[in-house]
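Please look over the sequence and the model shown below before reading on.

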Amino acid sequence: MSKTLLITGGAGFIGSHVVRLFVNKYPDYKIINLDKLTYAGNLENLTDIEDKDNYRFIKGDIVNSSFVENLFQIENIDAVIHLAAESHVDRSISNPIEFVQTNVIGTANLLNSARKSWKDYSEKCFYHVSTDEVYGALGETGLFTEETSYDPHSPYSASKASSDHFVRAYNDTYGLPIVISNCSNNYGPNQFPEKLLPLFFNNIINNKALPVYGNGSNTRDWLYVVDHAKAIDVVFHKGKDGETYNIGGHNEWKNLDLIKMMCALMDEKLNRTIGTSESLITFVTDRSGHDFRYAIDASKIEKDLGWKPSLQFKEGLSITLDWYMANQNWLDNITSGDYKTYYQQQYSKR
Ligand code: NAD
Ligand code: TYD
């Protein structure tokens with residue numbers, strides 16, 4: 001069936017993989033990528049599909065309510081996959097209000113425009129792509145399920161929790177058809193080098209210190225970004241109205257173990273003496289409010305919708321590092337300008 005699908009944040013890390021999957025897999029859909037192109041948005045991520053007939057890019061800010069409302073009036077949008085967000089915890093600690101603006105107000109603007117412009121709700125869907133960080137932090141054991149109470153700690157996770165609540169409120173109050181997924185940490189090509197893996201890749205290549213927060217025992221569950229994009233495809237097409245689906249990789253790693261594995265892989269790829277990259281590890285002051293552990297019970301999406309992760313971690317990590325090695329121009333373009341200031345602000349006093 002032909003439909004007009006608005007994907008927000010499609011020039012970012014996960015969004016670009018979602019846009020690519022949908023543009024290639026659904027030639028009958030008209031796909032609009034709406035993105036403000038903040039520091040994290042990069043049209044270089046989409047050069048392979050930018051000329052496809054079923055694809056269009058629009059630069060715009062979801063915080064601008066009249067712009068968003070006009071877009072819905074003009075474009076006859078049937079469905080939204082909403083990924084646009086401020087996404088980095090450390091930036092949310094330095095600048096929380098920007099996260100309230102984009103993640104809370106921006107999401108509310110999209111919901112409100114959908115509600116106003118959709119005359120009836122049949123065949124409509126507002127899909128909010130969210131994070132497991134809304135559930136807070138786990139101790140050594142346990143998993144987040146869809147029933148886990150929200151307990152966000154960082155300004156980032158608080159803003160995502162708030163936007164999830166707005167999405168559910170529009171479902172409960174106005175009957176707006178919605179679905180939400182909460183996913184664990186993604187890794188893969190095109191991730192901005194503020195997040196752990198690409199930042200450490202960039203530092204290893206440049207023989208710079210690897211700043212491990214605290215003692216490195218914090219634990220994350222890691223999922224390859226293309227597997228997340230495939231999960232989003234499944235949830236969008238098969239997810240039930242009003243439902244939440246947790247997405248995860250069954251792939252928990254303590255930060256330090258993950259970093260050591262990455263260092264060993266990088267020594268191999270760079271033909272460096274074993275231990276060269278690991279010797280760059282430097283323990284630095286911990287992140288304020290650093291969540292100890294995230295881990296996902298993904299049995300609902302696996303049982304109800306038939307999705308499961310496809311890649312083993314070591315394979316996914318190796319593919320990812322190969323991509324960064326082959327695309328150092330991409331990284332150089334990103335790390336040349338404002339990134340230097342960001343890095344200085346975040347890391348010089350740690
Ligand atoms: P990202 O920071 O790489 O990309 C965000 C995109 O949103 C960028 O292209 C940016 O230009 C755009 N954007 C930001 N503010 C905007 C605004 N006001 N108007 C329009 N566009 C705007 O983020 P990501 O890592 O790709 O994450 C995408 C989504 O997935 C986010 O909602 C995030 O909360 C969620 N998520 C991320 C992860 C992860 O590990 N990265 C895990 C689970 C969920
Ligand atoms: P990050 O990639 O920022 O994702 P999130 O905070 O959303 O989980 O960080 C992943 C883990 O790595 C987290 O426990 C914080 C840690 N970390 C460091 O130790 N050093 C760093 O420079 C960064 C960016 C993260």
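How many nonpolar, polar and charged residues does the shell around ligand 1 have? By class, that shell has 13 nonpolar, 12 polar and 4 charged residues. The model examined here is a predicted one.

**The sheet and its helices**

The fold includes an open sheet of 7 strands with parallel pairing, ordered β3-β2-β1-β4-β5-β6-β10. β3 (55-59) and β10 (244-247) stand at the edges with a single partner strand each, so one side of each has no neighbour in the sheet. On average, neighbouring strands are turned by 20° against each other, direction ignored.

Within this sheet, strand β5 (residues 125-131) runs parallel to strand β6 (residues 178-183), and 6 bridges join the two. Here Ser 130 stands opposite Asn 182 in β6.

Two helices lie across strands of the sheet. Helix α4 (residues 96-117) lies across β1 (4-8), β4 (79-82) and β5, and runs at about 165° to β5. Helix α7 (residues 225-238) lies across β1, β4, β5, β6 and β10, at about 145° to β5.

**Ligand 1**

There are 29 residues around ligand 1, and Ile 14, Asp 35, Ser 87, Tyr 156 and Lys 160 come nearest. At least two residues of the shell are supplied by each of α1 (13-25), β5, α5 (155-174) and β7 (185-187). Strand β5 gives the most, with 3 residues. Oxygen atoms of ligand 1 lie 2.8 Å from a polar backbone atom of Ile 14 and 2.6 Å from an N or O atom in the side chain of Lys 160. Taken alone, ligand 1 exposes 830 Å², of which the protein buries 97%.

**Ligand 2**

Ligand 2 is surrounded by 18 residues, the closest being Glu 133, Arg 220, Arg 287, His 290 and Tyr 347. By class, this shell has 8 nonpolar, 5 polar and 5 charged residues. Both α6 (196-205) and β8 (210-213) supply at least two residues of the shell, and β8 gives the most, with 3 residues.

| Residue | Distance to an oxygen atom of ligand 2 |
|---|---|
| Glu 133, side chain | 2.6 Å |
| Arg 220, side chain | 2.7 Å |
| Asn 255, side chain | 2.9 Å |

On its own, ligand 2 has 510 Å² of accessible area, and the protein covers 98% of it.

Terms used. Residues numbered from 1 in each chain as written. Chains lettered and ligands numbered in written order. Predicted model: local features only at pLDDT ≥ 70, side-chain atom pairs only at ≥ 80, totals over all residues. Heavy atoms only, no water. Pairing = 2+ DSSP bridges. Helix = DSSP H or I, 4+ residues; strand = E, 2+ residues; numbered from the N terminus. Axes fitted to C-alpha atoms, helices over the stretch in contact; angles between N-to-C directions. Contact = heavy atoms within 4.5 Å. Near = heavy atom within 4 Å. Polar contact = N/O pair within 3.5 Å; in protein donor to acceptor, adjacent residues only side chain to side chain. Areas by Shrake-Rupley, 256 points an atom, 1.4 Å probe, with all protein chains shown as cover. Nonpolar A, V, L, I, M, F, W, Y, C, P; charged D, E, K, R; others polar.
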